[in-house]
Amino acid sequence: MKVNSQVLQKYAVFGMLILLFIIFSIFAKSFLLLDNLMNLLVQSTILGIVGFGLAYIMIAGEIDLSYAGSIPLEGAVFAALLSRNTSYGFSIICVIGIGLLISLVVSQLVTQFKLVSYITTIAMMFLLQGIWYVLTGGKNVFLAEEQLNREWIFGNVGPFPRIVIFYIILFVILFIISEYSAFGLRLRAVGTDPESTRASGLNPKVYKTCAFLIGGAIFAIGSILTTARMSGALATSGSNLLMPVMTVAFVGQTFLGMGRPNIPGVFLASLLLAMIDNAFVLMQLPIWSVPMANGVILISAIYLANFGKKEIIQIKF
Amino acid sequence: METSNMKITNQAKSTLAGKKAHINYGLISGFIVFALVFTIFTIKAPSFLSKTNLVRNLAMPASISAVIAMGMTIVMTGGGIDLSIANIAGLAGLAAAASSAQFDLPFPLMLLTALIIGGLIGAINGGLVAYAGISPFVVTLSVVFLAHGLQYLISLVSVSGTYLMLPRNVSNLGVNPLFQIGICLAVFLILYIFLDHSMYGRFIKAVGMNLNASNFSGIPYRFYTWLTYVICGFCCALTGIMLTANEGLARVGSGESYQIDGFLLPILGKTIFGRFSVQGTIFSALFIYMIINGMFILGVTPEYVKIIKGGLLLGIILVSGIQKVVRGEN
């Protein structure tokens, strides 16, 4: 029984990935075509990139949901700047600056005033959504083809789209930083036990702030990519990402039974979710069933990973 | 949690000594600010004090959101959180309206349908949190999307257009202030007695304050954690009915604007009253809706409501954080 539950914990997500892949190959027409598999990779990139940001914040023991507010806001700013013929470089720097600013505010609230990050970032999310609504009047901002060179991001290099190569490079960099560098190790230490890290001479506040800033910058990159993919800033770009990114970050925790947020887990989980999204569309299931499937997978993956321990998790204010 | 402990011991001391030893500055300043804002609106905003405005535009929306927030208060007292409140409300309202249209149910049966659905989803939430040990955050966020998908499913099956009109007698009931405020007061009374003057409420508070201690004192802590979510589900279902009846139609995504109230009101109540309490939630519902109502009269457009609420929520959390830092808690 003990061995069984350990095996279950370690390979639950792997098993689910392979099982779903087989099921979808049988039941979804043209799922296995190379074009579709490339499409699937492209679908997983934005999810995974935003998930990396969230994973970094979760490694430091906090959580940040403000991305559901900041991504549409940053996207709207990006689209507005581009439609006024600002250069790409300046627009990207502006957007990343906004992301860093938001994260700085959140991180200071969380570290200096000892606020619970769950509720603080939800408040931030509502606030940013409100600001987005006032700025845009609730309208989508679309970009014309000549204002945004989509080919530059989504064009192919060999068989792979550029965005996938960017995703894999980002994955490798973030993976090495989080697992094999002193900074990553300290970040993890701060996340597991802030008190002992303080006792051993590190300042947890600094590391948590760093994690939030890294997260904010990555959310901004995700927002730019979302805008580029949709050829405009859409109203739903934030709320559509809220659930999948949470799922990716939490399911990623169960990767190889690690039980802690980690980058490879996020990578794998982003593939899992993109696969579901892709195959559900191919199987002509209604679009609202995708978040439902995400929810079921999230709960079952965490249930499997938690199999032995059943402590009630409380959220204190 | 420390504060409420401290407060209880302080209260015990003050009753022993027969004098007021502990002054709750939060409560006093809360009431002063309330009175101040009320006076400002009375002077500045014309027709703020009229009976129609106070009852229809202030008390009625406040009571709808107070019911959902009181459910959230119970969950937060038990140390949990429920993100799915607004979607449970929407689902219960839509399902009740759809079933009443399909089977020609009278209003009491419609109410019962909503309550059963709300209770069921609450039970699922609570079961996964209390018995499977999954983070309440993750569970309820998943349930948000499950409930949202179910709403689409119901509307596909039973609603032929984008929304479903309710029978005349139900929508008449929905715009009747007596009905809305009456339900709110009834829920308030029941939950006030339950939470503050019964053994069960004491158990829930104990579970919320210290899980291990309550386990060692023999409280079935899993059951009480589960119970908080079920009660919250019932409250959400009631809100769903109140909202659907008030709008006069059932649609997908109704009640989603009440999500933010579910966080804002209990936490504001806690900041003012010093602990999670239903009276605090009612007070803050009146407070928030007074501010919004007064601002509408003064000419603020509805787009700013989300900014106002989000900013208020952030500000209130900040105040409670400063309280913590000043008191020197960990």
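A residue is buried if 20 or more other C-beta atoms lie within 10 Å of its own. By that criterion helix α4(B) is mostly covered, since 15 of its 19 residues are buried. The model described here is predicted. Chain A and chain B touch each other, and the contact takes 40 residues from chain A and 45 residues from chain B.

**Chain B as a whole**

- Chain B has 14 helices and 2 strands.
- The radius of gyration of chain B is 20 Å, close to the 20 Å that the globule rule gives for 330 residues, so chain B is as compact as a globular protein of that length.
- Along the principal axes, the C-alpha atoms of chain B fill a box of roughly 65 × 55 × 30 Å.
- Of the 330 residues in chain B, 49% are buried.
- Among the contacts in chain B with a separation of 6 or more, 78% are between residues 24 or more positions apart.

**Chain A as a whole**

- Chain A contains 13 helices and 4 strands.
- For chain A the radius of gyration is 20 Å, close to the 20 Å given by the globule rule for 317 residues, so chain A is as compact as a globular protein of that length.
- The box filled by the C-alpha atoms of chain A, taken along the principal axes, is roughly 60 × 50 × 35 Å.
- Buried residues account for 47% of the 317 residues in chain A.
- Of the contacts in chain A between residues at least 6 apart in sequence, 79% join residues at least 24 apart.

**The side of chain B that touches chain A**

- The largest share, 14 residues, comes from α14(B).
- By residue type, this side of chain B divides into 28 nonpolar, 11 polar and 6 charged residues.

**Packing of α12(B) against α14(B)**

- Two packed helices are described by the angle between their axes and the distance between the axes.
- The axes of α12(B) and α14(B) are 10 Å apart, and the two helices pack at an angle of about 35 degrees.
- The crossing in which α12(B) passes α14(B) is left-handed.
- From α12(B), the residues in this contact are Ile260(B), Phe263(B), Leu264(B), Ile267(B), Leu268(B) and Thr271(B). They meet residues of α14(B) that include Leu312(B), Leu313(B), Ile316(B) and Ile317(B).
- The residues of this contact divide into 10 nonpolar, 3 polar and 1 charged.

- Helix α4 of chain B covers residues 85-103 and has 19 residues.
- From its first C-alpha to its last, α4(B) reaches 27 Å, close to the 27 Å expected at 1.5 Å a residue.

**Gly253(B)**

- Gly253(B) lies in the loop between β2 (249-251) and α12 of chain B.
- Gly253(B) counts as partly exposed because it has 14 C-beta neighbours inside 10 Å, whereas a residue needs 20 or more to be buried and 12 or fewer to be exposed.
- Leaving aside neighbours within four places in sequence, Gly253(B) is in contact with Gly90(B) and Gln151(B).
- Gly253(B) and Ile204(B) are 49 residues apart in sequence, and their C-alpha atoms are 31 Å apart in space.

Technical notes:
Residues numbered from 1 in each chain as written. Chains lettered and ligands numbered in written order. Predicted model: local features only at pLDDT ≥ 70, side-chain atom pairs only at ≥ 80, totals over all residues. Contact = placed C-beta atoms within 7 Å. Nonpolar A, V, L, I, M, F, W, Y, C, P; charged D, E, K, R; others polar. Rg over C-alpha atoms; globule rule 2.2 N^0.38 Å. Axes fitted to C-alpha atoms, helices over the stretch in contact; angles between N-to-C directions. Left-handed = near helix turned anticlockwise from the far one by under 90°. Expected span 1.5 Å × (residues − 1).
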